[in-house]
Amino acid sequence: MSEHDEKRAEEQGDPREERQQGRVESGNRLRKELPQEVSASVPAAQDAPKTDPKPEPETDPRTDPEPEPEADPEPRLTGRQRLVQGLWPPRVSRAQLIVAVLLFGLGFGLAVQVASNSDSDSALRGARQEDLVRILDELDDRTQRLEDEKQGLEKQRDELENSSDQAEEARKQTIEKERQLGILAGTVAAQGPGITMTIEDTKGTVEADMLLDAIQELRAAGAEAIQVNGVRVVAGTYLTDSGKGVSVDGNKINAPYRFKVIGKPQDLEPALNIPGGVVQTLEKEQATVTIERSTKIVVDALRAAKRPDYARSSSQ
Amino acid sequence: MIAVLGLVVGVVAGLLVRPEVPAVVEPYLPIAVVAALDAVFGGLRAMLDGIFDDKVFVVSFLSNVVVAALIVFLGDKLGVGAQLSTGVVVVLGIRIFSNAAAIRRHVFRA
């Protein structure tokens, strides 16, 4: 458009130039009116017409054209006045209509472009090929990095899961072992198939060694948990005679002696009944022995766990 | 006045209609809009200067748009589309600024 401006300016002259010229002309007029008085101003006034066709470029770089005197009568109007005139009142002229059509196109394109640009999802639509390639490369790199990170994290997760699985397994085994050992040590109650042996001792002839024999026999037959009259029999159990009764680990018990034994009943009962065994020995002493098999024997007498003073586990 | 109305109506229509921009035109639309803006500023300045001519305006408007799109098209074909369109925008921006300065001098006398 500025070419157009310049051309038009060449043809019709710039109003600023017009004004400049007017000023200069007034200076000339002044000179004509007062020729003798202001001699000092004469050289300046004489310079002015010379510079007239070539306006100083630093004040207005766009106005290279020389102004022409036969400009239309409009130069009296300032740009502002012209603007107001163009805006109001509205006039329907060919120029206005054509410009309106073009500006409609501009506004339309502007709005469309702004709208399509502000759609976030279509931000890539206006991008050119090399930009798209670059964006794609960046995305690939990022994907690769994230993939690597994901793999690392997955590996870590697997390791943690494995170790926690192992820890869980170890914990389970420990609990299981604790139970087993607790049954042996008498610190936990136990239940299972087994037998109940009751020794009636009306004559008071049963002694501690006979009960010990019975316990040994039961153990040999695979008894896993034994209690006598509410006293748990464990590895360190000792029996002593005590007056009419028997003392087990210092707990005095009296007849009838009721043994609750967990183990395989088919093994335990014959072991007691073998010829010359526990039952025969006791019956020789006039005691009566009754043995009952049961599918559920509860051994619930407990014994406090005792920490050994000197013995330490040598494993580990 | 009618011209300003045309601009306003165009913006409103563009916002309301929201047409799909064809993919072929897509890269050239922004440049074309900037070129048209340059033409409009030039026209406004010419009007303030009192030398406005509708024929010249139409021709310069259309040729600005076409040439700008053509430069970008050529740049895309040559593989320097991004740089060339940047250059076009810079040049048009400079022109818009100088035109705006002239308009400002007219309107504000400063």
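The entries below go from chain B to the cores and then to a sheet in chain A.

Entry 1, the model. I noted before anything else that this is a predicted model.

I looked up the secondary structure of chain B and found four helices and zero strands. Along the sequence the pattern reads α-α-α-α. Chain B has 110 residues, and 42% of them are buried. I also checked the contacts in chain B with a separation of 6 or more: residues 24 or more positions apart account for 68% of these.

How far apart are the end C-alpha atoms of H2(B)? I took residues 29–49, which are 21 residues, and at 1.5 Å a residue the helix should span 30 Å. Is H2(B) mostly covered or mostly uncovered? I found it mostly covered, with 20 of its 21 residues buried. After H2(B) comes B:Gly50, and I noted its positive phi, near 80°.

I looked up the largest nonpolar core and found 36 residues in it. Those with the most contacts inside this core are A:Leu103, A:Leu106, B:Ala32, B:Ala35 and B:Ala36. The elements that give two or more residues to it are helix H5 (94–118) of chain A and, from chain B, helix H1 (2–17), H2 and helix H3 (54–78). H2(B) gives the most, with 14 residues. I then followed B:Ala32: leaving aside neighbours within four places in sequence, B:Ala32 is in contact with A:Gly109, B:Val65, B:Ala68 and B:Ala69. Apart from this core lies another, of 34 residues, including A:Val233, A:Ala271, A:Leu272 and A:Val278. As background I wrote down that nonpolar side chains tend to be buried together in soluble globular proteins.

In which order do the three strands of the open sheet stand? I read S4-S5-S6 in chain A, with antiparallel pairing. Strand S4 (239–242) and strand S6 (251–253) of chain A each have a single partner strand, so one side of each is left without a neighbour in the sheet. Neighbouring strands here are turned by 30° against each other on average, direction ignored. Strand S5 (residues 245–248) of chain A pairs with S6(A) over three bridges. I found A:Ser247 opposite A:Lys252 in S6(A). Helix H7 (residues 208–220) of chain A lies across S4 and S5 of chain A and runs at about 155° to S4(A).

Terms used. Residues numbered from 1 in each chain as written. Chains lettered and ligands numbered in written order. Predicted model: local features only at pLDDT ≥ 70, side-chain atom pairs only at ≥ 80, totals over all residues. Pairing = 2+ DSSP bridges. Axes fitted to C-alpha atoms, helices over the stretch in contact; angles between N-to-C directions. Contact = placed C-beta atoms within 7 Å. Expected span 1.5 Å × (residues − 1). Buried ≥ 20, exposed ≤ 12 C-beta atoms within 10 Å, placed from the backbone. Core = buried A, V, L, I, M, F, W, Y, C linked by C-beta atoms within 7 Å.
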